[in-house]
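Hi everyone, thanks for coming. Please have a look at the sequence and the structure while I talk you through a few places in them.

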Amino acid sequence: MQNFLILIVGLIFSLPIVGQVTVSSGTVKRLEKFFSKYVDARNVDVWLPDGYTKRKKYAVLYMHDGQMLFDAGTTWNKQEWGVDETLAGLIKDGKIKETIVVGIWNNGEYRHSEYFPQKVLAEIPAEQREIVVANQLKNKPQADNYLKFLVEELKPYIDKNFSTKKDRRNTFVMGSSMGGLISIYALCEYPNIFGGAAGLSTHLPLISVQNVDEKNDAIAASFRSYLEKNLPKTDSRKIYFDYGDQTLDALYPPLQKKVDALMQAQGWTEKGWTTKFFPGESHSETSWAKRLNIPLEFLMAKN
């Protein structure tokens, strides 16, 4: 039964990152070892656009795997999302709201247990659930506590210390791979806090797998079951998915099509939801950087 749990995902983001980031636009304020009563302390990088002033109010984008966002010189794989360049250009061109970015570092060892949508576990058959919790989550599911940290501790701090628009129409969450899962989960669990969520190369198998087969597809189906019960209303909220077809993304096309069918069945239309397919793109920061403008414009276009 354990053969289908082959470690691939989760480790690639776990190596330590050191050093202050260098950005080509805007400035980064680092909150070192931000304390939480819910999860381990971690660094948080807050990106402020050029011209940031307390005389204005800014939308806020919370992003996971924060150490991978700004500076390839400090990342384990020498890749980055290019968040500062892309946001600065979109803001300058008037394509999105003026926005600050809160880059929440993952904590390495427990990244998978923090990003795995915790309430999905109840949808997984008991025998498989026990294996997932032991092998994937280190017997410590933490996603609900991670979101409490984000909503109850980090967001109030950001809103108090930076010039932000606090309402859900101006509060967004985004990530890739497992970070995509926790972003969609955040919107479902806190629909009154977040106005939109984006999952780039969302890891729809949920676990670390080499192949999608009947055994672990039951685990993937558990996320769809959770979504069916917990998707927010299709009013002013927005949901973005995308995927490629190379490296780990090669697993995603059939699973994303099932999620898309569910979204349609739940009444979501192109006004509030989109899924984009990028042939030839891989599971990497380089690929996500190429298309970052697309989810940003979808979520945060000026009204």
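Predicted model: local features only at pLDDT ≥ 70, side-chain atom pairs only at ≥ 80, totals over all residues.

Residues are numbered from 1 along each chain as its sequence is written, and side-chain values use heavy atoms, with hydrogens and water left out.

Let's start with the rings. How many aromatic pairs does a search of the whole structure find? The search finds nine. Rings of Phe, Tyr and Trp (its six-membered ring) pair if their centres lie within 6.5 Å; planes under 30 degrees apart are stacked, over 60 edge-to-face, and the rest tilted.

One of the pairs is F34 with Y157, edge-to-face, at 5.3 Å between centres and 80° between planes. This pair links distant parts of the chain, with F34 in strand β1 (residues 27-34) and Y157 in helix α4 (residues 143-161), 123 residues apart. Helices (H or I, at least four residues) and strands (E, at least two) are DSSP runs, numbered from the N terminus.

Is F34 buried or exposed? F34 is buried, at 11% relative accessible area, and Y157 is partly exposed, at 32%. Here buried means under 20% relative accessible area, exposed means over 50%, and partly exposed is in between, using a 1.4 Å probe and protein chains only.

Another pair, Y52 and Y58, is tilted, with 5.0 Å between centres and 35° between planes. Y52 is partly exposed at 21%, while Y58 is buried at 0%. Ring pairs also join F34, Y115, Y146, F149 and Y157 into a cluster.

Now, helix α4. Its 19 residues reach 25 Å from first C-alpha to last, close to the 27 Å expected at 1.5 Å a residue; that expected span is 1.5 Å times one less than the number of residues. Where does α4 bend? At L154, by about 35°, and a proline, P156, follows within four residues. The bend is the angle between axes fitted to the seven residues ending there and the seven starting there. Among the buried residues of α4 are Y146, F149 and L154.

Last stop: S176, in strand β5 (residues 171-176). S176 is buried, at 2%. Its contacts (heavy atoms within 4.5 Å) include D65, R111 and W288, leaving out residues up to four places away in sequence. The C-alpha atoms of S176 and W288 are 8.0 Å apart, although 112 residues separate them along the chain.
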